[in-house]
Amino acid sequence: MKIKTNIFLFAILAVAPLTVNAQITDDADSIVAKKKVHVAFRDKDSDQLLGGISYVDMEELQKKDYTMSSLEDMYALVGGWNGNNLWGMDNERLDNNDNNNLPLVIIDGVKRPSNNVLPSEIEQITFLKSAQAVVLYGSKGAKGAILITTKRGMVDGLQIIANANTGYHVAKEFPEYLGAAEYMTLYNEACLNDQLATGAKYSQMDIYNHAVGDNPYRYPNVNYYSDEYIRKAYNRSEATLEIQGGGTRAHFYTNINYYRLEDLLNFGLAKKNYTDRFSVRGNVDLVINRLVKGYANASATFYNANKNKGDFWSEAATARPNFPENAAPLIPIEMVDPNASKALAILGKSLNLLDGEYFPGGTKATQTNAIADCYFGGRTRDVSRQFQFDSGIIYDMDKFVRGLSFKTLFAIDYAANYSLSYDNKYAVFIPTWSNYNSQDIIVGLTQQNDEVVTGHMAMSNTAYRQTISWNGHFDYDHTFAGKHHFTGMLLANMFTTTSSGSYHRYTNANLGLQAGYDYMGRYFADFSMAGVHSSRLSEGHRNALSPSFTLGWNIAKENFMKGSGVDDLLLSASYSDLNEDMDVYMGSKYFYLYDALWATDGSDFSWNEGASSDRTYSTMGSNPTLDFIHRKEYSVSLRGSFFQKLLTTNLTFFNSDLAGFIIQNPTQFPSYLQGGLSGSSFKPAINNNIQNRKGLDFNVTVQKQLGQVHAALGFVGTYLQTEWKKFDETIDPNAPDKHIEGQALDALWGYKCLGFYTEDDFDLKEGKYTLKDGLPSSKLGGNIRPGDLKYEDVNGDGTITNKDMVVLGKSGNVVIFDNNGNPTGTGLGYIGAPFTPGVNLTLKYKNFTLFVLGNGQFGAYGMKNNSYYYMDYESKYSVNARGRWTPETADVATHPRLTTQSSPNNAAASTFWLYSTDRFNIRKLQLTYDFPTEMLNNGKVVKALSVYFNGNDLLTISKERKLMETNVGSAPQTRFYNLGVKVTL
């Protein structure tokens with residue numbers, strides 16, 4: 001009911017601007033102002049920025065680059081941003097944080113998700129990367145912030161812009177798997193490799209029948225990636241209508257958008273899969289009088305994702321081509337013997353016959369399949385509704401103090417999500433086959449499971465989120481004697497998010513102080529400080545101060561630089577110590593880490609005539625002095641412009657420590673405080689570990705007029721180095737060189753592979769393989785035989801264990817370790833490759849504009865040891881299985897021997913599976929033609945008209961291109977080709 005009411009109120013707000021009288025001629029000041037750069041709680045001229053800040057004019061970018069999401073393409077336009085984080089700062093992962101694993105995202109002054117604003121709605125995006133740039137946002141902004149400012153009404157009268165786009169997604173690559181006969185042949189080989197007493201699983205006759213394909217229903221050979229199930233391309237279409245206008249006292253802006261996205265699947269209910277989104281955004285700016293201005297913003301979004309039941313792509317990567325055995329996913333009824341009355345009677349009662357001609361096949365072990373899911377499993381609609389509203393007042397207090405003003409903002413946002421589904425259940429039918437006169441026929445059927453075809457939609461996965469935000473600040477901005485420019489701010493800021501399923505709110509509350517001075521734009525000094533608060537810490541330790549100091553010198557304004565060809569050359573340096581609580585957590589615990597924690601579980605203790613009782617034990621001691629994590633950072637920036645803006649540069653060196661990460665089992669406490677019943681511990685959590693990040697963030701642009709062609713070339717990027725500067729660990733005396741401290745945060749640990757074991761490495765006794773004396777034995781798991789991977793015994797103790805792991809490279813993912821230095825996962829976040837460059841090129845010739853954009857990553861590595869690249873046990877065999885080790889292919893093998901058993905030894909991360917993720921992508925190419933005004937009757941009706949064609953993700957240049965463009969277990973990556981038209985009235 002609340003959502004409906006809010007939508008109604010929003011509709012009034014969005015439509016009301018259309019009735020504003022654009023002819024008001026009151027002499028109040030116009031609200032149209034010079035475009036500035038939006039930074040924390042204020043706007044600044046671009047020449048006043050002191051480093052660690054980048055911005056993109058989206059209105060200008062959209063004239064040559066059609067994008068579909070708010071932050072699309074930014075990694076090739078902004079140095080320090082890799083598409084996921086700023087300066088390698090891994091982001092907060094708390095469930096009720098709606099930033100989608102991004103830094104703090106602020107939209108029109110309010111914390112909001114970046115996926116709920118469209119590029120066509122955006123005026124400017126600002127990236128606050130340095131600590132000094134985000135200090136005023138308090139604890140939750142300490143890892144950087146992205147400010148998205150939406151468009152506002154800026155024209156008098158009325159302007160209408162219509163934009164329509166339609167295009168097609170085309171899959172880049174599909175996984176390649178073996179056919180049924182080849183799979184069965186190699187599986188037999190795996191059985192022989194394992195010396196199974198049962199021998200080969202499949203007979204030669206079975207293999208032959210699957211190969212010839214005379215009866216694909218008894219001897220299936222299913223290719224899930226064939227055009228029987230997948231279309232060659234699918235459509236995405238979008239339409240946008242922008243309306244703005246106003247007059248002296250008021251301006252408005254409205255954006256109405258709809259897009260629809262189809263799906264790659266092309267059969268059954270999946271053929272009707274689609275996602276659509278409808279949104280309306282509107283705002284009003286009012287000049288109430290000479291001193292007071294007001295504004296209001298609102299948006300509503302309606303999102304639906306319609307999809308079939310089941311997980312087709314996951315099953316396509318795991319279901320073997322001959323599976324289910326002896327029964328295809330769908331079998332024609334005509335395969336049933338007309339005399340098999342019982343079988344036909346069973347089918348006659350079925351509720352799930354495809355076109356009355358096919359029924360789903362299966363076995364007792366396989367009671368569903370991806371094909372039948374798409375026909376009979378039902379459908380799901382995932383629904384999302386979002387409503388956002390904020391309003392504010394700007395009070396000019398110049399009559400009291402020159403340069404003083406007050407601004408305040410209040411916002412309330414709602415989001416609701418739920419799923420509606422037809423939860424049908426279907427039976428599979430197990431056929432009994434016979435052969436009459438060389439003709440296969442079904443003589444019996446066994447129904448597995450009951451059938452349910454529901455006539456109503458069930459609701460599930462309900463969730464809601466509410467965010468309330470407020471801030472107010474006094475601003476001071478005045479220049480004395482035309483030389484001495486002073487700025488200041490006193491700030492109070494807060495937001496709180498309440499989410500379903502989360503007891504604790506996600507909150508941020510801080511005070512702020514800013515004081516700045518510059519002399520004629522030549523010498524700069526800035527001091528900012530935030531007073532932060534966190535409920536995650538104990539009382540008495542919940543408040544802290546975060547100071548930041550910045551100095552700047554514009555060398556170009558010195559007399560000795562005149563005539564040097566230097567237009568602008570600003571050198572700035574800053575130091576900051578920010579307090580943040582985003583990393584105050586252990587595992588899934590974010591609160592009460594300072595308290596002693598106790599747990600209760602069952603026990604073997606009993607008394608009172610045998611009655612048992614649960615036991616209570618300590619899991620962690622108390623530490624009321626648990627503190628914030630500190631971002632201690634110094635940075636140096638150099639911004640330059642040369643030869644009348646022929647060359648512009650922006651370089652920043654940064655060195656940042658995140659100090660005081662919390663550890664649960666500190667080694668400084670005696671070991672007897674841990675262990676015992678149920679793994680109890682009296683050790684407290686303490687602040688200890690330190691992460692260091694340092695690197696260079698750069699942006700270089702060259703532009704020049706070459707005859708009738710205007711060319712602009714931009715090169716941006718980030719070079720990043722990371723290190724565990726301090727790490728609490730126990731060094732194993734048997735592996736003294738294995739330590740975490742001093743290693744990269746994203747160090748990729750694994751074994752040095754020496755190749756394959758050969759038959760010469762074993763003694764064969766009574767048909768069993770035994771490693772020869774002097775060779776280290778593997779303790780990694782599995783039965784070691786010829787064709788398995790052999791590793792270097794790094795510590796020389798005669799066994800291969802995790803003590804022999806070494807750093808193989810950098811992965812881009814922060815690795816989790818235990819106190820013994822063993823990697824336990826990569827859940828601390830993505831920081832990116834060491835070097836992430838971006839390139840953008842713009843060529844303008846007459847009315848044509850060509851825009852090319854590329855990005856890359858270099859210096860990181862990955863492991864190709866998932867089920868597509870390494871196959872064991874009951875894996876589906878990809879084409880990589882053809883390179884398996886055999887005695888005959890030992891010198892050229894690219895895969896260990898095949899096995900029907902689990903082999904952790906072969907699956908372990910090692911140099912054998914290591915590959916470079918180096919790549920450069922031609923991300924975007926767009927050609928735009930702007931019709932000359934002469935063709936538009938000099939703009940009497942149509943003021944501007946543009947058509948454009950663009951392609952996305954066109955080319956990947958990499959040694960491992962095919963690997964990185966192939967998705968396994970999920971929908972394929974795609975290239976996108978789009979045609980668009982834009983008209984202004």
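## Basis and confidence

The model is predicted, so local features need pLDDT of at least 70 and side-chain atom pairs count only at pLDDT 80 or more, while totals for chains, interfaces and linings use all residues. Residues are numbered from 1 along each chain as its sequence is written, and side-chain values use heavy atoms, with hydrogens and water left out.

The average pLDDT (the predictor's confidence in each residue, from 0 to 100) of the protein chain is 89, and 93% of the residues score at least 70. Over residues 1-33, however, pLDDT stays under 50, and for this stretch the model has 48 contacts beyond four places in sequence, where contact means heavy atoms within 4.5 Å. Where pLDDT is low, the predicted coordinates should not be read in detail.

Ser572 lies in strand β24, which covers residues 566-580; helices (H or I, at least four residues) and strands (E, at least two) are DSSP runs, numbered from the N terminus. With a relative accessible area of 4%, Ser572 is buried, given that buried means under 20% relative accessible area, exposed over 50%, and partly exposed in between (1.4 Å probe, protein chains only). The side chain of Ser572 reaches the backbone oxygen of Leu50 at 2.7 Å. Leaving aside neighbours within four places in sequence, Ser572 is in contact with Leu50, Gly51, Leu551, Gly552, Ser635, Val636 and Ser637.

Arg218 is found in the loop between α5 and β9 (233-246), and at 18% relative accessibility this arginine also counts as buried. Its side chain takes part in a polar contact of 3.0 Å with the side chain of Asp440, and another polar contact, of 3.4 Å, joins the side chains of Arg218 and Tyr219. A polar contact is a pair of N or O atoms within 3.5 Å; within protein, one must be able to donate a hydrogen and the other to accept it, and residues adjacent in sequence count only if both atoms are side-chain atoms. Beyond four places in sequence, Arg218 is in contact with Asn326, Ala327, Trp433, Ser434 and Asp440.

## Packing of α4 and α5

Helix α4 (residues 180-193) and helix α5 (residues 204-212) pack at an angle of about 155°, with their axes 8 Å apart. The two helices are therefore roughly antiparallel. Here the axes are lines fitted to C-alpha atoms, for helices over the stretch in contact, and angles run from 0 to 180 degrees between N-to-C directions; angles under 35 degrees count as roughly parallel, over 145 as roughly antiparallel, 65 to 115 as roughly perpendicular and the rest as oblique.

On the α4 side the contact is made by Ala180, Ala181, Met184, Thr185 and Asn188, and on the α5 side by Gln204, Asp206, Ile207, His210 and Ala211. By class, the contact has 5 nonpolar, 4 polar and 1 charged residues, where Ala, Val, Leu, Ile, Met, Phe, Trp, Tyr, Cys and Pro count as nonpolar, Asp, Glu, Lys and Arg as charged, and the others, Gly among them, as polar.

## Positive phi values

Most residues other than glycine have a negative phi, and most peptide bonds are trans. Met520, in the loop between β21 (506-519) and β22 (523-533), has a positive phi near 55°, and at 39% relative accessibility Met520 counts as partly exposed. Asp953 has a positive phi near 55°, lies in strand β48 (residues 944-957) and is partly exposed, with a relative accessible area of 25%.

## Partly exposed sites and their separations

Ile288, placed in the loop between β11 (274-287) and β12 (292-308), is partly exposed at 45% relative accessibility. Its C-alpha atom is 8.8 Å from that of Ala250, although the two are 38 residues apart in sequence. Not counting residues up to four places away in sequence, Ile288 touches Arg249, Lys293 and Gly294.

Glu325 is in the loop between α6 (312-316) and β13 (330-332) and is partly exposed, with a relative accessible area of 27%; residues up to four places away aside, Glu325 touches Lys201, Tyr202 and Thr363. Ala162, in strand β8 (residues 157-171), counts as partly exposed at 29% relative accessibility, and touches Thr240, Leu241, Val981, Lys982 and Val983 when residues up to four places away in sequence are not counted.
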